[in-house]
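These are my notebook entries on a single chain model.

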Amino acid sequence: MLRAREQDPTAGDTTGGDESVRLGDIVLRNRLVTSSSLLGYGVSSSGFYGMSPVALFVPLNEFGAVTTRTLTVEPREGHFTTREDWKPRELPGLLKRYGTVLRATDGGWVNAFGWCNVGIDAYLRDYYPRTRDQRVIISLGGFSAEEFVTLVDKVNAAVPAGDIAAVELNVSCHNVNFDFSTILQDVLDEAVPRSNHPVILKLSPDYDYLRNARQAAKAGVAALTAINTVKALRLDPRTGTPFLANRYGGLSGRAIKPIGLRVVSELRESGVTLPIIATGGIRTLDDCREYFWAGADAVSLGSAVWLASYPGYALSPLRALHVRRVLKAVRRYGPHAVGSAESH
């Protein structure tokens, strides 16, 4: 077990006169980041950020980093759509589409968007230049080592070293019906050494995350994200028909917080010393504290904060005030337990 210790968030890893923190090779503005997909690409032509109107009222440039939607070599509709130019009269159709890829459940959400995204080229051309005031983690997804190599090379060519916090390799998504364990080692061997930017590996609690973390450490990965969503299913109780277009989806939100805490703790207990960015059910400062005690170095806000019921969107400004309070508190808070190598 880790021995808890009081520490200022920037003690021993300050990167300048500001409050930046360093997690190994990764430089963040502070220890609170945002999770992949929920805020789209960090900026949007539609006036919304991904699925969250709440983000309109939150200064994204004040987060430790904003993680993009997972990007692929070619644009993907997935099980949803990449379209953003929805008109008010089309809202019923849009809500119907959402109903096939996003469902509320007790204490969380089940989604099956299936990596719908504009593709890496469009992101680097149309979105990334408009988020230069943010610290960015670019999430990448593919179905082969070759695709991950292509993605890394494209980021290298468009983004100078040091201009982003990291690239995150998403090799653990349940919404694309692919067994990533078959390509993980090849991805680590071929894509990681090519990156000019620090690499984060995103772990799933449904795979052998302890083994995957050890593989990542040997391959030179800079940090881990723990955890991705948990594979889940919802059925119409009257017909037995799956609610989601993909049948299975990924469970996120408050319901998976105990699982996320367990994974982070087990990673530390197993001797993994890579920095860990924890995500899963985080909504309050106390949630962040629990993850810090478990051994996380940073924490990430996901669906527990950014998603609301459709009527609840009217309360977006109030929800945004809560997010601002959490951000301010984490920036002041000194984590009791930090999972980096020096805490061991």
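**Entry 1: an arginine in a loop, and conventions**

I began with Arg-247, which is partly exposed because its relative accessible area is 36%; here buried means under 20% relative accessible area, exposed over 50% and partly exposed in between, with a 1.4 Å probe and protein chains only. I located Arg-247 in the loop between S11 and strand S12 (248-252). Its phi is positive, about 70 degrees, although Arg-247 is not a glycine.

I noted that this is a predicted model, in which local features need pLDDT of at least 70 and side-chain atom pairs count only at pLDDT 80 or more, while totals for chains, interfaces and linings use all residues. Residues are numbered from 1 along each chain as its sequence is written, and side-chain values use heavy atoms, with hydrogens and water left out. Helices (H or I, at least four residues) and strands (E, at least two) are DSSP runs numbered from the N terminus.

**Entry 2: further backbone checks**

I found another positive phi, about 55 degrees, at Asn-177, which is not a glycine either. Asn-177 sits in the loop between strand S8 (166-170) and helix H4 (184-190), and its 56% relative accessibility makes it exposed.

I then looked at the peptide bonds and recorded a cis one between Ala-226 and Ile-227, with omega about 20 degrees. Ile-227 belongs to the loop between strand S10 (223-226) and strand S11 (230-233). I keep these entries because most residues other than glycine have a negative phi, and most peptide bonds are trans.

**Entry 3: H2 with H3**

I looked up the axes of helix H2 (residues 120-127) and helix H3 (residues 145-158), which come within 10 Å and cross at roughly 20 degrees. Axes are lines fitted to C-alpha atoms, for helices over the stretch in contact, and angles run from 0 to 180 degrees between N-to-C directions. H2 and H3 are therefore roughly parallel; angles under 35 degrees count as such, over 145 as roughly antiparallel, 65 to 115 as roughly perpendicular and the rest as oblique.

I listed Ile-120, Asp-121 and Leu-124 of H2 as meeting Leu-151, Lys-154, Val-155 and Ala-158 of H3, where contact means heavy atoms within 4.5 Å. By class, the residues of this contact are five nonpolar, no polar and two charged. Ala, Val, Leu, Ile, Met, Phe, Trp, Tyr, Cys and Pro count as nonpolar, Asp, Glu, Lys and Arg as charged, and the others, Gly among them, as polar.

Which residues of H2 are buried? I read off Ile-120, Ala-122, Tyr-123, Leu-124 and Tyr-127. Their cover includes strand S7 (136-140) and H3.

**Entry 4: H6 with its neighbours**

I found the axes of helix H6 (residues 257-269) and helix H7 (residues 285-294) within 8 Å, crossing at roughly 25 degrees. That makes H6 roughly parallel to H7. On the H6 side, Lys-257, Gly-260, Leu-261, Val-264, Ser-265 and Arg-268 take part, and on the H7 side Asp-287, Glu-290, Tyr-291 and Ala-294. The division here is four nonpolar, two polar and four charged.

I also checked helix H5 (residues 209-219), whose axis comes within 10 Å of that of H6 and crosses it at roughly 55 degrees. H5 and H6 are therefore oblique to each other. Tyr-209, Leu-210 and Ala-213 of H5 contact Arg-262, Val-263, Glu-266 and Leu-267 of H6.

**Entry 5: cores**

I looked up the largest nonpolar core, which has 96 residues; Tyr-123, Leu-201, Leu-224, Leu-267 and Trp-306 touch the most other members. Such a core is a set of buried Ala, Val, Leu, Ile, Met, Phe, Trp, Tyr and Cys residues joined through side-chain atoms within 4.5 Å. H3 gives the most to this core, with six residues. Another core, of 14 residues, lies apart from it and includes Leu-28, Val-33, Ala-166 and Ile-200.

I placed Thr-34 in strand S3 (residues 32-34); its relative accessibility is 0%, so Thr-34 counts as buried. Beyond four places in sequence, its contacts include Leu-39, Phe-63, Ser-300 and Trp-306.

Tyr-333 is buried, at 9% relative accessible area. Its C-alpha atom is separated by 8.9 Å from that of Leu-285, 48 residues apart along the chain.
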